[in-house]
Amino acid sequence: MDVNHGDELVVALRQAADHLARDSISDVEHVLTQIVASAAETVPGVDGGGISRSEAGTVQACHATDDAIRDLDQLQYTLRQGPGLDAAENPPASGVVVAHDFAGQTDNDRWPSFAPAAVQAGYHAVISAQLTSRGRGQRAALNLYSREPWVFTEQAHTIAALFAAQASLLLYGADQGVSLQRAVDSRDLIGQAKGILMERFGVDAGQAFEMLIASSQQTNIKLVDVAHWLTEPHRPTEPDEPPDTGDGLPGQPAASRVNPTESEGTTCSWVAAKAARVANP
């Protein structure tokens, strides 16, 4: 890599990092667009690029520098063949898949349906680098296209892989942020549900949590979903109370309960039955 181009790479990567720091992980899509644009401007021989992502059977061609590239990224998943698809779903050890000349026999034989479509769209070569993200089972690739054949050198491979690594770190950070937020939300929800049970049945925090666990196990419904039902603002109360067992639960003040543990099984069954009814109407 020559000195001047190395300087350009450093500047491009620093700019992309600045976008990430300024925009924060909450604006992932905007930062990814900036990374693709920087890669298209920096990798030698590239005329445009985009990102293809698949998750839970849904494919999205996004962050493309032009509509033709967006269509080609989408076409790879429609045809189930192409360098971007290979990089995302079955990458080599380097994570980089290169097509040097779609009009040539080698690449045409490798991707017989996609290669002619790429040539017709005006692109003869592509370099695709896998984007790794472990949080959501997402598969993705950075796809950089050239209108000329045989333009991608080892230097281009390395630079493309560096931009892909930066995009991968962004996706990983976004996944972690989503997971942490869900964990916080679930914790708060379970805390609210515990509070409802503590107030209604006169149990302590530990007993309330055990009641939630027992309800979850009886219904095979996630603990957080049981907690969600309990905290719903419009969930029915009367006459859907648990049966009165004569020990002050419920229908009598919580203070009148002589032994809070005696009726926890009954209460758990009530919570479980109600949660199951709501979950499976």
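This is a predicted model: local features need pLDDT of at least 70, side-chain atom pairs count only at pLDDT 80 or more; totals for chains, interfaces and linings use all residues.
His63 sits in the loop that runs from strand E2 (58–62) to helix H3 (67–79). Its phi is near 60 degrees, a positive value in a residue other than glycine. His63 is buried, with a relative accessible area of 10%.

Next, go to Trp150, in the loop between E5 and H7. Here too phi is positive in a residue other than glycine, near 55 degrees. Is Trp150 buried or exposed? Trp150 has a relative accessible area of 62% and counts as exposed, because the cut-off for that class is over 50%.

Now move into helix H7 and pick Ala156. The relative accessible area of Ala156 is 0%, so this residue is buried. Leaving out residues up to four places away in sequence, Ala156 touches Val43, Pro44 and Ile127. Show the C-alpha atoms of Ala156 and Pro44: they are 5.8 Å apart in space, while the two residues are 112 apart in sequence.

From Val43, turn to the nonpolar core. The largest one has 29 residues, and Val43, Leu131, Leu142 and Leu144 have the most contacts inside it. In soluble globular proteins, nonpolar side chains tend to be buried together.

Centre the view on Leu131 for a closer look at its surroundings. Neighbours within four places in sequence aside, Leu131 is in contact with Ile51, with Ala140, Ala141 and Leu142, and with Ala164, Ala167, Ser168 and Leu171.

Finish at helices H8 (residues 205–219) and H9 (residues 223–231). Their axes come within 9 Å and cross at roughly 110 degrees. This angle falls in the range of 65 to 115 degrees, so H8 and H9 are roughly perpendicular to each other. The crossing in which H8 passes H9 is right-handed. To show the contact, select Phe209, Leu212, Ile213, Ser215, Ser216 and Thr219 on H8, then Leu223, Val226 and Leu230 on H9. Coloured by class, this contact shows 6 nonpolar and 3 polar residues, with no charged ones.

Key. Residues are numbered from 1 along each chain as its sequence is written. Side-chain values use heavy atoms; hydrogens and water are left out. A nonpolar core is a set of buried Ala, Val, Leu, Ile, Met, Phe, Trp, Tyr and Cys residues joined through side-chain atoms within 4.5 Å. Buried means under 20% relative accessible area, exposed over 50%, partly exposed in between (1.4 Å probe, protein chains only). Contact means heavy atoms within 4.5 Å. Axes are lines fitted to C-alpha atoms, for helices over the stretch in contact, and angles run from 0 to 180 degrees between N-to-C directions. Helices (H or I, at least four residues) and strands (E, at least two) are DSSP runs, numbered from the N terminus. Angles under 35 degrees count as roughly parallel, over 145 as roughly antiparallel, 65 to 115 as roughly perpendicular and the rest as oblique. A crossing is left-handed if the near helix is turned anticlockwise from the far one by less than a right angle, and right-handed if clockwise. Ala, Val, Leu, Ile, Met, Phe, Trp, Tyr, Cys and Pro count as nonpolar, Asp, Glu, Lys and Arg as charged, and the others, Gly among them, as polar.
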